[in-house]
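Please look over the sequence and the structure shown below before reading on. The report that follows takes up helices, strands and a few single residues in turn.

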Amino acid sequence: MSSSIPEIVDVVIVGAGPTGLLLACLLSIYGIKFRIIDKSVDHTTQSRALVVHARSLEILDQLGIGNEAVRCGEIAKSFSGFFHGKKRLEVDINILRTRNLTKYPYILILEQSKTEELFEDFLLKRNIQIDRQCELINFNEVCNNNNELIECTIKDYRDNIEGKLIKIRTKYLCGCDGAHSKVRQNLKLSFPGNTYEETLFVIDCHVKFLDQSKNEKIINDVEFNLTKSGICLLFPLKDHENDNRYRVIGTIPHELLKSSKELKFEDIQLCISKHIERKIELYNSLWMSTYRTHHRYVESFSFNNKYFLLGDAAHIHSPVGGQGMNTGLQDAFNLAWKLAFTIQGKAINNNQLLKTYNDERIRVAKDLVNSTDRIFAFMTSSNYIIQFLRLNILPYIYQWIFSPLLNYISFLRDAFFKRISMIGIQYHHSELSITTEDLKKDKIQSGDRIPYVYTHSDNLLSLESTNNNNNDDDDSRIYFHLLVLIDPKRVNSNKLFLFVKFIQDYYSHLIKIHEFQYSEDTKEIFHVFGVNKNSEGAAFLIRPDQYIAYCTKTFDIQHFNTYFSKYFSQRRV
Ligand SMILES: Cc1cc2nc3c(=O)[nH]c(=O)nc-3n(C[C@H](O)[C@H](O)[C@H](O)COP(=O)(O)OP(=O)(O)OC[C@H]3O[C@@H](n4cnc5c(N)ncnc54)[C@H](O)[C@@H]3O)c2cc1C
């Protein structure tokens, strides 16, 4: 970075937490010119967000690092509930693995520091540098050769402890700068919501379970403990069966709340057994922190279609369900391709595409903040009636209703897994999602995430992340994919032929076409997409972020073109 003539880039990403790092990885795949800055010296060394859900692993898979993430973490095996120190509930998470919903049908426990390392390695392999010790101080709009640009003022502390002021000009500014986002504050966007009364403690330490023999202890079991004193969760960390390493997170025990001095590990250590009414010992603390959580989301995820907020800068909520970091990753996945298409001129220049970022993601954030808020409030309320329900009724509801339902009714099991793993998030209401009348009542709708298709001849529809040609233009990740499912005997071939030809002629720079004819090998794909072998076939247009944009059985060229050309440029070949 030079201090005199401002460098000009397409995107400046502020913040190299998990959200900013993923956005950088994705923009690098598209070959976008960007800078990523962070005020800290290095990535976090703290475990922080531990849970990586299936949807995030699918995203990591697109970078080719999904399996590496699984190798670095632990797959949670079961979920046990202790009420007043007694085990009342055990959900075998393996039961969720029986259905073919995703390549990653489990909950992965992976420390945030490791997730960030994976992204950093990805960037390093592509020779992309993160400008650390560089803090965004301010930004304003300037005119540069008749172009409106954003000029960022950055303090660079790398060679100078006082910091050297430098400027970078950019078309787009992405605030991935966490809960206290400077980008959000400078745009004067409100961040309404509340701060919970409860303070949480987070400790990574070793745990000895004095109330369980080694044989009774389940490997990779996530435990939650509910007592009158509060709530406490134990997450097994990598290799915990050998060295007893756990993440312990909970509300501060009542007896410590009145103390005005700073909470130390020893304080928790002394009262943990009483707090959760079990005989356990915490020792060898590796990291401890306390924090108050909030539930808030920003009034708009974008401003003037030039400024974007992602991750904690846009939404924060209680740690219920471990959804925080995962939601930030999805923000990045949703925005990256829209930004890239706009910068590269593949999207028409009216910002219609960029507008859909706010529309799609703010709904998800609202839903998440509200649902996690309800659960957190129920779990921590000191109201006598709610406490009674929580400690005396809830275990039976779990044991006698919830658990058997999950065990025996696959539809409910799928619904539950889709919810917690975030693979059920959909954009049905988005302007970008169009289903033609003939398909409106069908299994798959536009706005759904592409269903995972497992076939015996491997995953035919993985839209693979690997690009063996080293030619970025051939990389399937930067394209839409049109999936055409046909029964050759039944199809009205002329209409379909013309539809596919039109797309080839006008949109082959954006859309790759995949045709599947009904056969033993492909019947699973037809089944999952709800296409009857005796029907006339159907076409599904899949976005680069793996959501279905458009689906039809009528193959109406005019209808498709009216929709698609509203956002994307045509190129006659
Ligand atoms: C102690 C603690 C425990 C947590 N535990 C959990 C948990 O158990 N489960 C869970 O889901 N989530 C947890 N979280 C939340 C989780 O860590 C966040 O949801 C996640 O980190 C959000 O990622 P992000 O990239 O959006 O923001 P962040 O990780 O906050 O990254 C923001 C980055 O921006 C940088 N930055 C900020 N301002 C500037 C500036 N002006 N200029 C340049 N750089 C800037 C910061 O240095 C930082 O690196 C925890 C958080 C904390 C603090």
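## Terms and model

Helices (H or I, at least four residues) and strands (E, at least two) are DSSP runs, numbered from the N terminus. The model is a predicted one, in which local features need pLDDT of at least 70 and side-chain atom pairs count only at pLDDT 80 or more, while totals for chains, interfaces and linings use all residues. Residues are numbered from 1 along each chain as its sequence is written, and side-chain values use heavy atoms, with hydrogens and water left out.

Gly537 is found in the loop between α14 (523-528) and β23. With a relative accessibility of 1%, Gly537 counts as buried, where buried means under 20% relative accessible area, exposed over 50% and partly exposed in between (1.4 Å probe, protein chains only).

Contact means heavy atoms within 4.5 Å, and when its neighbours within four places in sequence are left aside, Gly537 is in contact with Leu485, Ile486, Val531, Lys553 and Phe555. Between Gly537 and Pro488 there are 8.8 Å in space, C-alpha to C-alpha, although the two are 49 residues apart in sequence.

Two strands pair if DSSP finds at least two bridges between them. An open sheet of 5 strands, with mixed pairing, runs in the order β20-β24-β23-β21-β22. Its edge strands are β20 (434-435) and β22 (511-517), each of which pairs on one side only.

Within this sheet, strand β21 (residues 480-486) pairs with strand β23 (residues 538-542) in the antiparallel sense, over 5 bridges, and Leu483 stands opposite Phe540 in β23. Helix α15 (residues 557-564) lies across β20, β21, β22, β23 and β24 (548-552), and runs at about 165° to β24. Axes here are lines fitted to C-alpha atoms, for helices over the stretch in contact, and angles run from 0 to 180 degrees between N-to-C directions.

## Helix α1 and its two partners

Two packed helices are described by the angle between their axes and the distance between the axes. Helix α1 (residues 18-30) packs with α4 at an angle of about 25°, their axes lying 9 Å apart, and α1 and α4 are therefore roughly parallel to each other. Angles under 35 degrees count as roughly parallel, over 145 as roughly antiparallel, 65 to 115 as roughly perpendicular and the rest as oblique. The crossing of α1 and α4 is left-handed; a crossing is left-handed if the near helix is turned anticlockwise from the far one by less than a right angle, and right-handed if clockwise. On the α1 side, Pro18, Leu21, Leu22, Ala24, Cys25, Ser28 and Ile29 meet Gln112, Glu116, Phe119, Glu120, Phe122 and Leu123 in α4. The residues of this contact divide into 9 nonpolar, 2 polar and 2 charged, where Ala, Val, Leu, Ile, Met, Phe, Trp, Tyr, Cys and Pro count as nonpolar, Asp, Glu, Lys and Arg as charged, and the others, Gly among them, as polar.

The axes of α1 and helix α9 (residues 324-343) come within 8 Å and cross at roughly 30°, so α1 and α9 are roughly parallel to each other. Here α1 passes α9 in a right-handed crossing. The residues of α1 that take part include Pro18, Leu22 and Tyr30, and those of α9 include Met325, Phe333 and Trp337. By class, the contact of α1 with α9 has 14 nonpolar, 2 polar and no charged residues.

## Gln112 in helix α4

Gln112 lies in helix α4 (residues 112-125), and is buried, with a relative accessible area of 7%. Not counting residues up to four places away in sequence, Gln112 touches Pro18, Thr44, Gln46, Ser47, Arg48, Ala49 and Met325.

Helix α2 (residues 54-62) has 9 of its 9 residues buried, so it is largely enclosed by the rest of the structure. After α2 comes Gly64, whose phi is positive, near 80°.

In strand β13 (residues 221-227), 7 of the 7 residues are buried, so this strand too is largely enclosed by the rest of the structure. In a regular strand the side chains alternate between the two faces of the sheet. Asp221, Glu223, Asn225 and Thr227 point one way from β13, whereas Val222, Phe224 and Leu226 point the other way.

Strand β5 (residues 78-83) pairs with β13 in the parallel sense over 6 bridges, and the bridge partner of Phe82 in β13 is Asn225. With strand β14 (residues 230-236), β13 pairs in the antiparallel sense over 5 bridges, and there Asn225 stands opposite Cys232. β13 and β14 form a hairpin with 2 residues between them.
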